Amino acid sequence: MRLKVEFTTEPFDLDEAPAHAVVAREVIQAAELDAVDVGPFGNTAEGGADAVLTAVDALLRESLAAGATRVSLQVNVIGEGS
C-alpha cells in the first residue's frame, strides 16, 4: 500500500523557521520516501506504508520534542504496491 502524508507544525513564525519546523523537515527528507515537498505552510510526502508510518512516528516525536505545540496531519491511501 502507498500512502501520502500532509502535515504542518505549529506555532508558526513568519520571520524564520522555528526549530520544530526544521526538525520536521529534516525527518521527512531523511526518510526513505519517494516524493517529498516541503513548504512554509504545508508539507507532503509519499511512499510505501511502512516508510510513511515510520516517518510519521519520528516526525511526531521529534517535532514535539523540539517545541511544536500542535502537529496537524492527514494520511491518505493513494494506491497499492510497496
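What is the volume of the largest pocket? About 290 Å³. The views below start there.

This is a predicted model, in which local features need pLDDT of at least 70, side-chain atom pairs count only at pLDDT 80 or more, and totals for chains, interfaces and linings use all residues. Residues are numbered from 1 along each chain as its sequence is written, and side-chain values use heavy atoms, with hydrogens and water left out.

View 1. The volume of about 290 Å³ is the space filled by probe spheres set on grid points, which are joined across faces, edges and corners. A pocket is an open set of points on a 1 Å grid over the protein atoms alone, where a 1.4 Å probe fits, with protein on both sides within 12 Å along at least five of seven lines; lining residues have an atom within 4 Å of a point. The lining has 19 residues, and Pro18, Ala21, Gly39, Pro40 and Phe41 are the closest to the pocket centre. S1 and H1 are the elements that give two or more residues to this lining. H1 supplies the largest share, 4 residues. Helices (H or I, at least four residues) and strands (E, at least two) are DSSP runs, numbered from the N terminus. By class, the lining holds 11 nonpolar, 6 polar and 2 charged residues. Here Ala, Val, Leu, Ile, Met, Phe, Trp, Tyr, Cys and Pro count as nonpolar, Asp, Glu, Lys and Arg as charged, and the others, Gly among them, as polar.

**View 2. Strand pairing around S3.** Strands S1 (residues 2-10) and S3 (residues 43-48) pair in the antiparallel sense over 6 bridges. Pairing requires at least two DSSP bridges between two strands. Arg2 has Gly48 as its bridge partner in S3. Strand S2 (residues 35-38) also pairs with S3 in the antiparallel sense, over 4 bridges. Ala45 in S3 stands opposite Val36. A hairpin is formed by S2 and S3, with 4 residues between them.

**View 3. Thr9 on strand S1.** Thr9 lies in S1. Thr9 is buried, at 8% relative accessible area (buried is under 20%, exposed over 50%, partly exposed in between; 1.4 Å probe, protein chains only). The side chains of Thr9 and His20 are joined by a polar contact of 2.9 Å. A polar contact is a pair of N or O atoms within 3.5 Å; within protein, one must be able to donate a hydrogen and the other to accept it, and residues adjacent in sequence count only if both atoms are side-chain atoms. Not counting residues up to four places away in sequence, Thr9 touches residues including Ala24, Ser63 and Val71. Contact means heavy atoms within 4.5 Å.

**View 4. Asn43 on strand S3.** Asn43 is found in S3. Asn43 is buried, with a relative accessible area of 12%. A polar atom of the Asn43 side chain lies 3.1 Å from the backbone nitrogen of Gly39. Beyond four places in sequence, Asn43 touches Val5, Glu6, Phe7, Thr8, Asp37 and Val38.

**View 5. Gln29 on helix H1.** Gln29 has its place in H1 (residues 19-30). Gln29 is partly exposed, at 49% relative accessible area. Leaving aside neighbours within four places in sequence, Gln29 is in contact with Val36 and Val38.
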